[in-house]
Amino acid sequence: MRTDAESSTGPSGLTVIANFRERFNFRVMYVSRERFLRLSGVPALAVFAALAASGCERIVDVELPSAEPRLVVEGRVELNRSVPGNSGAWVRLTVTGDYFDSSPATPVTDAEVRITDQEETLAELSLVDPAEGVYVHLDGPPLAMAPGYTYQLEIRWDGDTYLSDVEMAMGTPIDSLYFEWEEEFIGRPAGLRVKVDYTDPPEPGHSILYELFLNGEPVISPVPGNEFRLVRSDRYRPGEEVTGFAPDPLLDPDVGDRVTVRQVGLTTTLHDYMLAVFEQNALGLGNPYSIPSATIQGNVVNSTSVNPRPLGYFGAHEVFEATVVVPDTLIP
Amino acid sequence: MPSPGTAARLVAVLFATFAGSEAAVQAVQESAEARISGYVRSAETSDVIRGAAVSVSRSELPDSVVAIVSTNRFGYYSLSLPPGVYWVEAVRIGFAPSGAQVQLDADQTVDLVLSRRSLAAAGLTVRADRLPADMNPASAEMSTVRFSVPDVERLPVVLGETDPVRTLTLFPGVSTANDGTSAINVRGGRADENLIVLDNSQVFNPAHAIGFFSTFNSDAIDDVVLHKGAIPARFGGRTASVLEVFQREGNRDRFASAASIGLLSARASFEGPIGSGEGSWLVAGRRTYGDAFLVFSSDPDLKKSKVYFYDLNLRSNLDVPGVGTFLVSGFVGRDRLALPDFLGTSWGNAAGSVRVNRAFGPLFSNFTVSYSNYDYYVEVTSVDRTVISRIATFNAKLDQTLELEEAGTLEFGLHAERHAIHPGRLESTADPTLNQFVIDPRRAMTPAAYVEHEASVGPLTVRYGLRASMFVRTGPETVQQYENGRPLVYSEERGRFEPGVESGMAEYKSGDVISSYWGLEPRASVRLGLTTVSSLKLGYSRLRQELRLVSNSNSPSPLDTWDMVGPYLEPAVSDQLALGYVTTGAGGRYSFSAEAYGRAATGQTDFTPGADISFNEQLETVTVPSESRSWGIELLLRKHRGEISGWIGYSLARSELRTDWPDDSGAGDSDIGINGGDWYPSPYDRTHDLAAAVIWSPDGLWGLSANFVFATGLPTTFPVARYELLGVLLGDYGPRNGYRLPDYHRLDVSATRKFGRGELRFGVFNAYNRFNAQSMYFRQVEESSPGVFETEAAEFSLFGIVPSVSYRWSF
């Protein structure tokens, strides 16, 4: 199968709305002590309340060592089945910065970026957003796109050549996208939730990255517990008919808001990588049971010398997406 | 040392024992002497007293002593002497000595009963007590921590919950990775390297409330013994330490009961005799009661929530003439946390054992069967998933102790264990028959045999032994295969571990051997008496471990699962060498010990960075082999009696880990793995660890006590840079455990006041409200504007100042 892709500008405004963070730390198969204490910390439970009140955190000043900047790659080849016009290839390049320096990531604007497909089609990507360091495939012949096709990313920058080879992961179609009202629930307020129905393909090995857009802006709730919603694996239930899955249980849109949900197909390797990414972020709570912090190594390599090692990933994905607008009949 | 003649006699006795003939045993004993043997018990509780010194003298004068022996771990002693009239006396710290005159012309049983001395009276006694074996210059035992719960229960503790495991952490060489865990790290070992034995049953995860409290209810516990090194040959299966917890036996003379209530839990215990002193029983229970108030909550969710834990302890002893003494012990402990329509979890241990022991003259014989089970479930109603996990062990043991008089003591035995691990089963909460995903259960048989001999020659006491054990993993099981047999490979260019390439499945039927391992574990300790009150000790032990807790965090949690060695995981093997010096002063009031140790272990495991280990049926694809090493110096000064008693302990220690990745290039040590394959500090590495515990009993009414702890901050990992990806902020982390949390220190105080049959206790934990960081973490600031990633560092502390009050009645 071959689908001719249109070139696309891709999602270039990668701003993130992080208003939905909350501090309860639960994940599907885990109850943290923090959670345990908080749950127990009701007024009647004087004892646990005392513990919960005494178990606390404080913000501290720490002098951190600094490290040489490393290249950070976020690269995608996307075959969008639902909105073919959104198919294409884009790569965002930045460098690492000091941990406490909250200025925007320094973009890389002087790199040569190209992607080759298995039919030797060469796509040169051009810098379209110097502020974000985003390179997009705008000109030239389109890349051949289908699940199972392979792609090579090549980045030349600062005297080093960075490479990554990937195979396009099959996506999962969305059967239905709709809203449901949810009452207040432990750890999250009452609100309207966007829900997805989908049918996992019968053979195992399908994973999904969820990307949500509220009125066109990407939104994410990287809270503890959400790492298993942001990426989903069918490891335990291949072929399952999933109904009423809420990819973001904190997003609470208003009447007239337009919500887009994208189901991005992932290989098992990329699923594991992204789960580690979201888990590290979600584990920001840092309870004594958290796993040791470690840098997450991606699938891009420096072919010139082992160091500096790049961070980030390159992926090829079949994507399905759907958009719904909040009707005025649902909110009580 | 046994002579050839002794050895021949030994063989005869062994043979006779297994043939079950008491007459045969006696036939091989020397006939010129008669035997005195018996139990030493507590008058108050009828519990046997372990490690009591039994002296035999020609008269009551102290200088006419002809023999001294210690009661063994069953409270039993035995020795033979020429016929005559003797004074037999037992002494033990905390008890008034007691004796009896014996006309010895034939073998005779002399049971001795000691009364517990009140703490006030203890100060007035001038008679020299014998010391507990670990502090006793005359014993070859070393690297041991022993205490009786009644002796330490006045020490201040969190919320007044006396916890033997917490008390252990006040001794050098024992630490925890944070304040909220009862999982101990002994001499740089991981928490799962400790064998925890309650009476005769293993306990897999002795934690309540996610680790705040141990499962050991102090009302039911008598003695606690931790072997940190020089581990006796009768123990196996763990590579760091053995923690023996003995339940009380119950009163043989009269019915007694006690009840107490504190801020966290309410407890009750009942005990009494069976028949006219042929046996005894004890039942003790504890339950948290905070959830009783939930029904008053106005929040309907909270109203239906469940938060509690409980324990139930049971023990009974019964002497059956002609058969022996039966000991039945049982324990059940469970935690429950449930939030309606959302989440429910429960975990707990259940363990039970039956033992029969009998003395055949010099041979003390035990046969034990035990069973232990640990399980948990987590149901997440909101996503319709329930996870269930379980480990169960069945154990049969024959242990023999043979008193060889001048040739010492010989211990030997045969053990067999059967393990079954059900790592996980995933069910639909709504319909348990639907959508099951089951990780294949793992099964194994572990036969073992051991022999250990202790003998004295002049100032030298030698204990040496050998344990041989096997671990046979058997089907039915389906085992994933990988190319080149490598489930995990290292990508040099990507600088990361990656799962190996799968190459089909291997099906094993029931009884098929999947993999098997065996090994020898030599153990030895030597004591050299320097003076009558001081000695040097040297100990060595090799230990093997085949079960391990799958835990990727610094502290184990109750929801970790157990795994066992198999086709992709080799047994862990540790070697420890320790050198010690012990001395006593002021007639045994004081003792001082100093020990230096070095320990190395191979076959340990770590996980690939960011590995998802929960409910993972292919753990081998994220398991990185590793090794550990540790060394340290431990000093302990104890004051055993008097108005003020207590101890000060200090340790200077280092505990390190290293990825043990095979080097394919053959260029020596590989630089692959965590921190480039270099040694790095373990998460529980404390350079300095100082702890002091003081109990002051000025009179019979009041008691005051305090603990003080100082420790170097635990290692932690800092980010050295940041980057943005997928809409989140991430850290580029520096070397694992390359940095330290702030130093830890804490003072706890408590006071007790007696009122007739009652006792009121006040306590303050962390009296000066020190913010002791348990972890440090780096994160996005919640209020960051869209697209801006502000960051902060936060420290987390578990306990501020925690006052407590409790009241206890005894009847």
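Visitor: Which residue stands opposite B:His227 in β18(B)?

Guide: B:His227 stands opposite B:Val242 there, where strands are DSSP runs of E with at least two residues, helices are runs of H or I with at least four, and both are numbered from the N terminus. This is a predicted model, in which local features need pLDDT of at least 70 and side-chain atom pairs count only at pLDDT 80 or more, while totals for chains, interfaces and linings use all residues. Residues are numbered from 1 along each chain as its sequence is written, chains are lettered from A and ligands numbered from 1 in the order in which they are written, and side-chain values use heavy atoms, with hydrogens and water left out.

Visitor: How many bridges does β17(B) share with β18, residues 241–247?

Guide: Five bridges, in the antiparallel sense; two strands pair if DSSP finds at least two bridges between them. Strand β10 (residues 144–148) of chain B also pairs with β17(B) over five bridges, again antiparallel, and there B:Phe147 has B:Val224 as its bridge partner, while B:Ser148 stands opposite B:Asp223.

Visitor: And what order do the strands of that sheet follow?

Guide: It is an open sheet of five strands in chain B, ordered β10-β17-β18-β13-β14, with mixed pairing. The edge strands are β10 and β14 (201–202), each pairing on one side only.

Visitor: Is β17 (residues 221–227) largely enclosed or open, and why?

Guide: Seven of its seven residues are buried, so β17 of chain B is largely enclosed by the rest of the structure. Buried means under 20% relative accessible area, exposed over 50%, and partly exposed in between, using a 1.4 Å probe and protein chains only.

Visitor: New topic: where is B:Glu620?

Guide: B:Glu620 lies in the loop between β40 (590–607) and β41 (623–639) of chain B.
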